[in-house]
Amino acid sequence: MAVLDATLDTGLIAVPAAEPATSRTRRRAGTLFWIALAWIGLVVVAAAVANLLPIPSPTDIDMLGRRAGPSGEHWLGTDGLGRDEFSRLLFGARISLGVGVLAPIIGLAFGGTLGMLAGYFRGRFETLVAGGVDVVLAFPPLVLAMAVTAYLGQSIPNLILVLGFLGIPAFTRVARAATLSLTPREFVTAARAIGASHARILLRELLPNVALPLMAFFLLGVAVTIVVEGALSFLGLGVPPPAPSWGIMIGEGRESLDVAPMLAFLPAIAMFLTVLAFNLIGDTLRALTDPRPGAL
Amino acid sequence: MAGFLSRRLLGLLPVLLAVSLLTFAIASLLPGDLAYVVLGDQATPENVAALRHDMGLDQPIAWRYLLWLGHVLEGDLGRSFRTGQTVLTAVTERLPVSLQLMVVAEAIGLLIGIPIAILCAVRAGGAFDRFMTGTAFSMLSVPSFLSAILLIYLFAVELHWLPATGYTPFLEDPIDNLRGFLLPAFTLALGEWPVLMRVLRSDMIATLQEDYIAMAKAKGLRPARILWVHALKPSSLTLVTVTGINIGRLIGGAVIVESIFALPGLGRLLINAIYTRDLIILQGVVLLVATGFVLMNFLVDMMYAALDPRIRHGRA
Amino acid sequence: MSAPLLEVSDLVVEYRVGGRIVHAVSGVSLGVRRGETLGLVGESGCGKSTLGRAVLQLTRSTGGEIRFDGHSLTAMRGETLRKMRQRVQLIFQDPIASLNPRRRTGDIIAEPLIVAGVRSRAERDRRVRAVMEAVGLDPDTVMNRLPSEFSGGQCQRISIARALVLEPEFIVCDEPVSALDVSIRAQILNLLEDMKNRYGLTLLFIAHDLAVVRAVSDRVAVMYLGRLCEVAPTDALFVRPAHPYSRLLLDAIPMPDPDIRPIEGVAVGEPPSPIAPPSGCRFRTRCPRADAICASEMPELRLLAPEQYVACHHPLTGS
Amino acid sequence: MSLLSLEGLTVDLPTPRGNLRAVDGVDLALAAGQTLGIVGESGCGKTMLSRAILQLLPKRARVGGRVMFEGQDISKLRPDALRRLRGPALAVVFQDPMTSLNPVLTIGTQLVETLQAHLAVDGREAVRRGVELLAAVGIPAPEQRMGQYPHQLSGGMRQRVAIAIALSCEPRLLIADEPTTALDVTVQAQILDLLARETRRRHMAMILITHDLGVVAGRTDEVAVMYAGRIVERAPTRALFHGPRMPYTEALLAAIPKLDSAPHTRLPTIEGRPPDPTRRMPGCAFAPRCRYAEGDCVVGKPGLGPVDAGHEFACWHPR
């Protein structure tokens, strides 16, 4: 997932408009886009109504019915402690999605603001922000997240805070790069020429243009956060057990790969599809980022 | 060039200083008194106070930072209070394992990524391109711990071709060493090649649409020369950056992969330090890793200047 | 003769690029009279656009003073400056880049009114529609569209409408037609002339194309490498240019007339970098008349003929 | 036999908004050593036409008709054969030398590789000839320049380098696609002089593509005017400027501001703008903007018909 961070950084900042979308690939991306959206909708709904469904509790241990196959009672069987696999998948979605969406919001809010201010006002402030970003990015995010959660104590709010903080530099970079490329544009000069205040220029002229790349980046950020949360939980440093998280389930399933590979593969597939869906939507949005100058 | 180099080197100092400050802050400001950690649950307040005094924990924090920084600059990163090993020995023992893992992984990633990227860019929009970009995109959504499990399941559990875990030093048995490295390195490479491939592909496509490529064609140059000399060099700038940054970042992936495949590398050292709350080791390793990352970035910048004369001549 | 509406005295604009100082404008003095169009010509990098932006204090000047209607713009800060800017407006070269791609045309043109504090939505709407009609746009079809739906010529009309909506007294036109095709260019030039008459505007018209400047200007100022070479009434400048650089510019224009054989070898060299301008007269490195004094002494702008000022030690006289 | 002849050349580009016919049935012939100017506004298809001659169209483009060069259809040539033709037979100078020279390769490399690709010369000889070429196009200190990168040169110098590369293998036809649009007027004059001198000296044919009627007026033997993908008028230069027959040519000439007209004269305009090239229309593409259009103009497309002395035009109601 550390790998994905780099993708985000470079993929978005360096090459926003280079992709030549032939009409055919566009249309294909279109259908995939809707499938991805549908999948995310499904996961969200499943996570939202998980406790209303007539399914067993995700934390009820049944040492007699461990690693049972699918049955009427347990649709997808049970795990190594006899807990209902299907129920754990749904409740796991709740945690993975919750953390995955809330943490990047922190990054978006702080990083987006910081980046826009730095890109607009330039000067010492920008140097300071850019320097700070470089410093934080020098620490491998996973390592930093592990260290901090280990000491803050393992809890879901702590996890969200830490992952959110770690997202700030990346969001700052995106917002700053976008603002930097927009600020010298003549429509910003025009706004200054009519006497608009800095706040008005930032909110009215720049924000609508920075919002779309930031939004695209946010969706990619959700994907990355789900992966990082999964990795931390997989290592036992993320969501505290017995709460079901996809990462924890994969980690536990790994112990019984030889006898019950499905226990690892089911949450793995769920995570893969969700991450893929977020990546797809984010990438589609990214491709749309530059409004083409109209008529030929 | 010399001026450029010295300017860049000078710029490194504040960054490294900030890195050390942040490392120290993380280690000392987090809750959990080191003295309690060392002494365990049975500590009496007197014991704790005495130990705090011995460890200098009762000093003001700024002073403690300066003291620590002074030691660091002398090459003394401290000593684990659990194993008694100095940070430096612990790191030098494990660094080769992680380095080998990261370099092999990055090399595999480049080996897969570059040819695919070029083939895709040359026939952008074609069947091969669409298939490979789709594959790469999907691979980006597979976290390394997932591919690790998948690879173990396939090659160790089902096929029994390669060992699932275990490490043999290279000098003891090179073949076993490589066999042991194959799965973990491949795991990391599976996440690496799509990144490298996507970056190079889109840069290459952009470059191929430049006027100077049309010019090169109009000059009647051979396609191979156009591709390898005129297109690849200007397209490789982002690739160089990403490769450099990723070698540094692979340390994050190494933590997971090393712990899954039981490789005695830096990642394992780190994660053990976290599990056992071995602050001194943690602080030391984090500092070294971050410093390494900053230096890696510096190297990337230098590579950049070597590739792009415009940067060399100070027109960034 | 009335006092100048805009008075630029000894203006200096310098900025840093990569640690080196760019001497964009070096001591320019200029007056624009109420109701006239002053053309400002020169090649790229001569500082004409910087001068235009300094007039609105969008680029802060390093030295000298700019007075507008008696008030010193260079001394103004903050709120007073922002209020004053509403009396002076700017039209840009690139019609597409000068419009925010994510805002609708109606909002773009209404923006100056909002900033100026026109609260009533109905009042804003009325004035936006009026100015749209004035520049030849149909309010009902244009209002809710994005700039990307328009051609370059139409975007330039929107841009002009935005500049006019506050009914300013002075407009700096920074290469307003050089991004447009010939057939569209004439439309926009005519529109600018109409607007000037209708709103009683004073224009500073910046361009690199002498023929365009000729068509719209009462007087023309020629700039080279941050300094003024010549300021003269349009006819005088085009008929008997006094500065060798003015002469060179005129001779270099490709004429749309096959009977005028281009004179080969009229132009030599390219302008030096404004980072290290030559000593004395800045044009001397390319000037056929340059001698020792041109390198040692900077020529001052002096009166040569009625209303014709030239900064040259060896001005062209006669034809 | 003519050096180059286009026979019913069409270029179609698929776009998201439908098929775009960029070049619509162009017939054209050019004799050895002749200079032909192609004039048109942006979007008229002149650049696509030049790319079609050079066989440098984007992959998705579909080409119809024939491009005959010295008697063979080069659109049917195998890649190897085409490659041997480019350089020694066909060469090109693009609009912006900043983008047409590779930024990461030295000027020497870019010159020498061209020489070595086509002529049997060793490295030392290629370098010697490269230096010679740079000197020939008026670049001072050519030995030094060989080791420099494009960004270290001024715009005019870069375009000279691009010309040197194009001339290096003594082509029989040079296509200059807006070679001076990115340059200042005094530099433009020098580059146009250089091109004129070299075509004469080498008895090389040249197609000079531009949007500026002034550029072609004094420096071409023949001029073709393009509108909406078609050639609407073609004539010896003098005849075209003195007696344009097609209303578009006439209007275009009238819309240019003249250096000798009085200030504030209204320019004759061409109302409206060029048609959307993704929409096919049955009649003359200029009809909606034409002052003389009548009913039959929107029904059928006028063909390019010869009148006298090589003056041809496509119009139902010529002047």
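Colleague: Why is Ala228(D) called partly exposed?

Modeller: Ala228(D) has 27% relative accessibility and therefore counts as partly exposed, because buried means under 20% relative accessible area, exposed over 50%, and partly exposed in between (1.4 Å probe, protein chains only). This is a predicted model, in which local features need pLDDT of at least 70 and side-chain atom pairs count only at pLDDT 80 or more, while totals for chains, interfaces and linings use all residues. Residues are numbered from 1 along each chain as its sequence is written, and side-chain values use heavy atoms, with hydrogens and water left out.

Colleague: What makes the phi of Ala228(D) worth a remark?

Modeller: Phi of Ala228(D) is near 50°, a positive value in a residue other than glycine. Most residues other than glycine have a negative phi.

Colleague: Why is Gln57(C) called buried?

Modeller: Gln57(C) is at 2% relative accessibility, so this residue counts as buried; Gln57(C), which is not a glycine, also has a positive phi of about 55°.

Colleague: Why does Ser217(C) count as buried?

Modeller: Ser217(C) is at 0% relative accessibility and therefore counts as buried.

Colleague: Which residues is Ser217(C) in contact with, leaving aside its neighbours within four places in sequence?

Modeller: With contact taken as heavy atoms within 4.5 Å, and with those neighbours left aside, Ser217(C) is in contact with Thr37(C), Leu38(C), Gly39(C), Thr234(C), Pro263(D) and His264(D).

Notes: Chains lettered and ligands numbered in written order.
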